[in-house]
There are 4 protein chains.
Amino acid sequence: MGTPRIAIIGGGLRGRIFAETTRDHPGAELVAICEPNPTRAAQLATDPDVATAASIDELLERGSELDAVVVATPDFAHEQPAVAALEAGLDLLVEKPLATTSEEAQRIIAAAERGGGRIVVGFENRWNPLFQAARHQIQESGHALLSQRALLQDTLFVPTQMLSWAALSSPAWFLMPHSLDMATWLSGAEPVEVFARGVKRLLPSLGVDTYDRISASFAMSDGSLLDLDSGWVQPLGKSSVFEFRFEVETEGDSFTLDIDDTGGRHATAERTSTLGALPHDHRGRPQGAPPAMMRDFLDLVAGADLDLPGADQGLLITRAIEAIHRSLETGSPEQITP
Amino acid sequence: MGTPRIAIIGGGLRGRIFAETTRDHPGAELVAICEPNPTRAAQLATDPDVATAASIDELLERGSELDAVVVATPDFAHEQPAVAALEAGLDLLVEKPLATTSEEAQRIIAAAERGGGRIVVGFENRWNPLFQAARHQIQESGHALLSQRALLQDTLFVPTQMLSWAALSSPAWFLMPHSLDMATWLSGAEPVEVFARGVKRLLPSLGVDTYDRISASFAMSDGSLLDLDSGWVQPLGKSSVFEFRFEVETEGDSFTLDIDDTGGRHATAERTSTLGALPHDHRGRPQGAPPAMMRDFLDLVAGADLDLPGADQGLLITRAIEAIHRSLETGSPEQITP
Amino acid sequence: MGTPRIAIIGGGLRGRIFAETTRDHPGAELVAICEPNPTRAAQLATDPDVATAASIDELLERGSELDAVVVATPDFAHEQPAVAALEAGLDLLVEKPLATTSEEAQRIIAAAERGGGRIVVGFENRWNPLFQAARHQIQESGHALLSQRALLQDTLFVPTQMLSWAALSSPAWFLMPHSLDMATWLSGAEPVEVFARGVKRLLPSLGVDTYDRISASFAMSDGSLLDLDSGWVQPLGKSSVFEFRFEVETEGDSFTLDIDDTGGRHATAERTSTLGALPHDHRGRPQGAPPAMMRDFLDLVAGADLDLPGADQGLLITRAIEAIHRSLETGSPEQITP
Amino acid sequence: MGTPRIAIIGGGLRGRIFAETTRDHPGAELVAICEPNPTRAAQLATDPDVATAASIDELLERGSELDAVVVATPDFAHEQPAVAALEAGLDLLVEKPLATTSEEAQRIIAAAERGGGRIVVGFENRWNPLFQAARHQIQESGHALLSQRALLQDTLFVPTQMLSWAALSSPAWFLMPHSLDMATWLSGAEPVEVFARGVKRLLPSLGVDTYDRISASFAMSDGSLLDLDSGWVQPLGKSSVFEFRFEVETEGDSFTLDIDDTGGRHATAERTSTLGALPHDHRGRPQGAPPAMMRDFLDLVAGADLDLPGADQGLLITRAIEAIHRSLETGSPEQITP
């Protein structure tokens with residue numbers, strides 16, 4: 001095929017990264033930004049050759065020729081643009097989670113089957129070199145997994161300042177797709193049952209009606225343990241907006257990955273922060289896991305043979321997080337339909 | 001009263017610490033070591049004035065005058081010596097857990113009520129300065145607790161080399177009394193329900209028929225979350241025999257305590273280890289949390305007015321850990337009787 | 001002898017610690033506070049039985065019976081009270097450095113020789129359990145030392161807010177006595193030559209005319225290397241007011257001691273700080289290295305046979321830091337007279 | 001120009017990285033490996049289209065058409081192949097240091113002036129994202145630099161097992177080009193004077209006649225301090241083969257970069273190691289700083305306008321490290337000719 005033609009749907013922080021990465025990639029062409037807010041759309045378009053539209057439907061009605069789209073709308077708003085794109089036969093990179101109900105996820109998958117496009121779900125931590133190294137070592141060792149334990153949490157900045165739609169999501173929907181996908185990717189096992197607890201106190205008092213924090217205990221298909229904790233109420237003075245600590249224990253090894261700990265610290269007169277890589281490298285190219293993931297998607301669209309997380313995985317994670325929320329309601333362990 | 005007269009029951013690692021601390025304390029007298037192995041007993045006695053006996057019963061039959069005893073026998077062997085001492089009206093410091101069944105714990109408590117002695121349960125982490133500082137800050141802040149999360153685990157050294165009786169215990173009985181007592185002490189709340197999962201694979205294959213690792217999710221009486229993980233199968237090459245990480249989140253603060261991380265590292269040609277304080281200070285005095293706890297017990301016996309963890313707390317922790325093991329059997333959340 | 005009678009000279013932060021420790025010690029009696037500011041003096045006295053005086057001379061003129069004094073005046077103001085106390089035959093604990101000129105140090109030593117009292121210099125890091133453990137391991141190993149390297153620095157808080165007399169001192173006079181004494185104590189070697197560089201830019205611009213930072217490269221008597229860096233201009237937002245990192249390399253081992261890293265972190269809405277032990281333990285007793293040092297001094301005065309850092313060591317450190325300042329002036333390596 | 005044609009000179013670890021990166025790069029062609037050991041040469045060639053030769057001279061005599069070469073021979077063996085390539089008009093990437101005498105460095109530079117090729121010196125840490133982020137923050141802040149302090153050291157593995165020619169080098173020649181180049185790049189200042197000390201004890205006893213460790217104190221052209229320490233005798237049991245800690249202090253900020261601390265740890269039955277990124281990414285592409293640097297060099301050769309460390313910087317670093325060794329001989333501070 002020729003150079004793939006790409007549209008980005010959703011003009012937020014993530015849409016901007018995907019747009020920049022596409023523009024920077026020699027093997028792809030950014031042709032449109034779909035975003036209802038025209039100012040935001042224009043900011044991401046930057047170039048008169050890049051079209052803007054309020055929605056993917058509008059864009060398709062206009063007759064734009066596309067090969068693939070990226071859906072970077074809020075968590076709960078994936079279905080409509082994903083289905084529209086897939087029914088048009090386009091390839092899809094959709095931000096995690098695939099959807100926030102399994103019915104929506106199944107409708108997205110059905111649309112892909114009808115249209116013939118491929119689905120990639122944006123579990124971006126698979127592009128983190130530390131997780132890649134741990135997975136390599138686990139696989140090389142041949143040791144069976146015993147347990148995994150992960151904490152992924154944000155400061156109050158995320159639900160109260162960064163996301164306008166936090167009350168429509170939860171720490172489980174927003175954060176656990178990352179840690180749960182990673183647990184399945186490292187272990188090769190699937191979650192089969194979950195018991196969860198939550199606390200809902202501080203965020204509601206701040207006007208955001210969702211859980212402060214959720215803990216989930218999974219039984220995995222290989223008999224290993226998995227404990228996930230995610231929350232949204234860490235104090236604003238933390239040295240990093242997020243904290244991601246992942247622990248893996250096998251019959252011979254243990255791995256401790258402090259993903260947010262880069263080894264760099266920067267102190268000012270006010271506070272000490274973690275110093276991490278800049279969003280762009282010294283030649284202005286987007287760097288980090290999200291651009292690396294996006295480049296793989298672009299190469300996949302252009303014909304590369306790559307093993308990327310697909311619709312089945314997206315559906316599994318959605319079902320597991322649904323089961324977390326069911327368990328929060330019932331107070332009992334809940335099965336996760338495979 | 002005069003100088004309290006103390007006997008130590010159990011001549012293992014812990015008994016040695018308590019014997020040394022007693023001998024070093026100006027306000028107490030070590031009068032006997034009760035230990036069935038006479039070589040060990042003699043090692044701890046060190047001084048001809050210190051008697052040895054195979055058991056507390058033997059010692060009492062000989063007519064020894066005592067004020068208090070310390071029970072430092074294996075976890076499952078607390079009841080008999082504790083009851084014997086308490087029925088003789090002596091004060092008791094008993095290693096955690098108070099007992100490994102609530103029936104045993106209740107019989108110990110009944111013996112105290114009959115004899116009039118006091119029970120102190122050895123939740124030694126209350127004497128760790130870092131936990132003390134965190135508790136002080138939490139109480140000063142007035143912020144309500146949202147969640148606690150703790151990992152306390154050992155390398156394979158503990159169940160396969162240090163303890164001869166590991167198969168009669170579990171990571172929950174051996175380690176979670178520490179983390180669970182701490183959670184109640186920091187929060188002022190009690191555990192009311194627990195859901196637990198375990199994996200039992202590596203230790204049985206090594207001839208030790210118990211759990212490799214247990215995770216437990218608690219509902220607390222104040223609505224906060226508590227997640228505990230404990231295991232016994234970390235690789236022998238870890239930099240420390242134990243790992244203890246405790247996280248507390250309130251409505252305004254967060255605390256992360258890496259108890260095993262002293263800030264000191266020692267590398268040799270073979271490996272890198274954590275460097276911690278020596279067991280004795282520069283003047284040969286026992287130092288660290290266990291001696292500090294022992295000194296408080298000795299002062300309590302001598303008449304000091306101290307708030308030490310007692311029988312009620314010991315019973316609560318025993319009941320909670322019983323409930324963990326019930327949940328491991330039933331696969332359901334289990335209530336913790338107060 | 002009876003219970004030693006102690007006076008504290010200097011009513012600042014340090015004087016308060018020494019007064020509290022003395023009052024708390026069963027084997028010593030706090031009899032007086034010498035401090036020109038009567039409000040401060042009264043705050044430290046707390047008890048009508050404790051006398052206050054503007055100076056040690058005034059106290060001695062009044063005929064107070066004393067056994068020992070602690071001099072906790074500013075660095076440059078040790079000579080007068082030390083000489084007065086020593087000429088009266090009293091034992092002396094003097095804060096590091098012994099003096100800020102070797103002439104003063106020698107006059108203090110001469111006074112001790114005339115009066116017969118003993119001098120202890122307050123190199124308190126010898127009472128830090130981590131340094132004690134490292135020294136123990138080095139001595140046990142029998143490995144020869146190759147190099148030491150230490151960073152001891154403060155935030156701007158110390159020279160601009162805590163100390164009124166910072167311009168009369170320097171990072172070398174205020175901080176390097178700690179790191180240099182430790183280097184000699186760990187190695188058993190003495191500094192024989194030093195080359196130093198300094199920068200003097202930020203503090204003068206803030207009205208404090210002294211060095212921002214000083215680095216010193218020592219030749220040691222055993223052929224090993226020693227590099228010390230100390231500064232006073234770290235940003236106020238650092239997680240700890242001080243940073244103390246000490247590295248030791250022998251022919252078989254290496255040690256890295258992050259003395260300010262306790263393993264505890266406390267985040268608030270504003271910032272993240274290191275969480276360390278409280279100044280008092282759970283029973284209100286002063287804890288940490290300075291009280292431990294003070295207790296050893298009190299026991300020495302009462303007759304204990306203890307090996308504490310004395311006048312010779314105090315003079316050596318003063319001479320070495322004088323040599324640092326000479327090297328800053330000359331730009332050349334300077335010999336350190338033994 | 002067309003696709004640049006590249007030869008790699010030196011078939012060691014580094015040559016392998018550069019060969020792989022060239023082969024992987026769409027905009028360059030690997031045409032030859034120059035390496036006297038034919039087995040090694042064949043290993044790096046991997047493809048029948050890639051020629052092998054014992055030396056660059058042999059290759060040039062054969063009439064190979066080349067655009068650029070990479071010199072990855074031992075530190076002391078850069079001059080001959082560099083001069084040969086530059087006289088042939090080729091562009092040159094040469095491993096740090098440019099040369100180990102300033103005379104050699106000047107002859108290399110003269111050859112470039114004669115032939116017209118460009119020189120890039122492989123100060124690869126400029127491609128480390130953490131250093132890039134620190135430099136960005138320093139430049140953004142506008143704060144003047146006060147001091148820098150760096151430790152870069154290896155375990156005994158490097159001089160006793162990895163390098164056959166360690167005795168012909170030193171920790172200063174092998175390691176300080178990295179830390180010293182970084183200090184100039186972060187500060188924009190140049191070293192003007194250096195005072196150095198060294199210890200030479202353990203490596204000679206192991207049959208490697210060079211320094212165990214060297215410390216160097218620099219005066220910088222902007223009045224800031226710079227202290228570098230480098231050694232080759234850390235114990236083999238360290239968690240990482242190298243340790244690189246870099247500290248920067250400005251009038252408003254401080255930066256602490258633990259370059260070897262990735263946030264990942266891997267424990268086995270024997271020891272705990274740092275877990276870092278794999279040498280190749282999930283698609284088999286070389287990753288990390290050396291490949292990133294190599295790609296910039298390849299793009300420069302192909303016509304890109306990039307600001308890479310050149311001959312002047314290479315000469316400056318060589319002169320500074322010569323001055324370190326002069327100071328080790330004279331025991332005095334030595335000027336660094338600009």
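Start with the crossing of α1(B) and α10(B), which is right-handed; a crossing is right-handed if the near helix is turned clockwise from the far one by less than a right angle, and left-handed if anticlockwise. The model is predicted: local features need pLDDT of at least 70 and side-chain atom pairs count only at pLDDT 80 or more, while totals for chains, interfaces and linings use all residues. Residues are numbered from 1 along each chain as its sequence is written, chains are lettered from A and ligands numbered from 1 in the order in which they are written, and side-chain values use heavy atoms, with hydrogens and water left out.

Select residues 13–24 of chain B for helix α1 and residues 289–301 of chain B for helix α10. Helices (H or I, at least four residues) and strands (E, at least two) are DSSP runs, numbered from the N terminus. The two axes cross at roughly 55° and come within 9 Å. Axes are lines fitted to C-alpha atoms, for helices over the stretch in contact, and angles run from 0 to 180 degrees between N-to-C directions. The angle makes α1(B) oblique to α10(B); under 35 degrees counts as roughly parallel, over 145 as roughly antiparallel, 65 to 115 as roughly perpendicular and the rest as oblique.

Now show the side chains. From α1(B), the contact includes R14(B), F18(B) and D24(B), and from α10(B) it includes P290(B), M294(B) and L298(B). Contact means heavy atoms within 4.5 Å. By class, this contact has seven nonpolar, two polar and three charged residues. Ala, Val, Leu, Ile, Met, Phe, Trp, Tyr, Cys and Pro count as nonpolar, Asp, Glu, Lys and Arg as charged, and the others, Gly among them, as polar.

Stay in chain B and select K96(B) and P97(B), which are joined by a cis peptide bond with omega of about -10°. P97(B) sits in the loop between β5 (91–95) and α5 (102–115) of chain B.

Go to chain A next. K96(A) and P97(A) are also joined by a cis peptide bond, with omega of about -10°. Select T46(A) as well: this residue is not a glycine, yet has a positive phi of about 60°. Its place is the loop between α2 (38–45) and β3 (51–53) of chain A.

Show chains A and B together. A rotation of 180° with 0.0 Å of shift along its axis superposes chain A on chain B, at an RMSD of 0.0 Å; copies are superposed by least squares on the C-alpha atoms of residues with pLDDT of at least 70 in both. The two copies are thus related as by a two-fold rotation axis. Which residue of chain A comes closest to the rotation axis? Select S332(A), whose C-alpha is at 3.4 Å.

Finish in chain C with helix α8 (residues 171–187) and helix α11 (residues 311–330), which pack at about 125° with axes 10 Å apart. That makes α8(C) oblique to α11(C). Among the residues that meet are W173(C) and L180(C) in α8(C), and I317(C) and H325(C) in α11(C).
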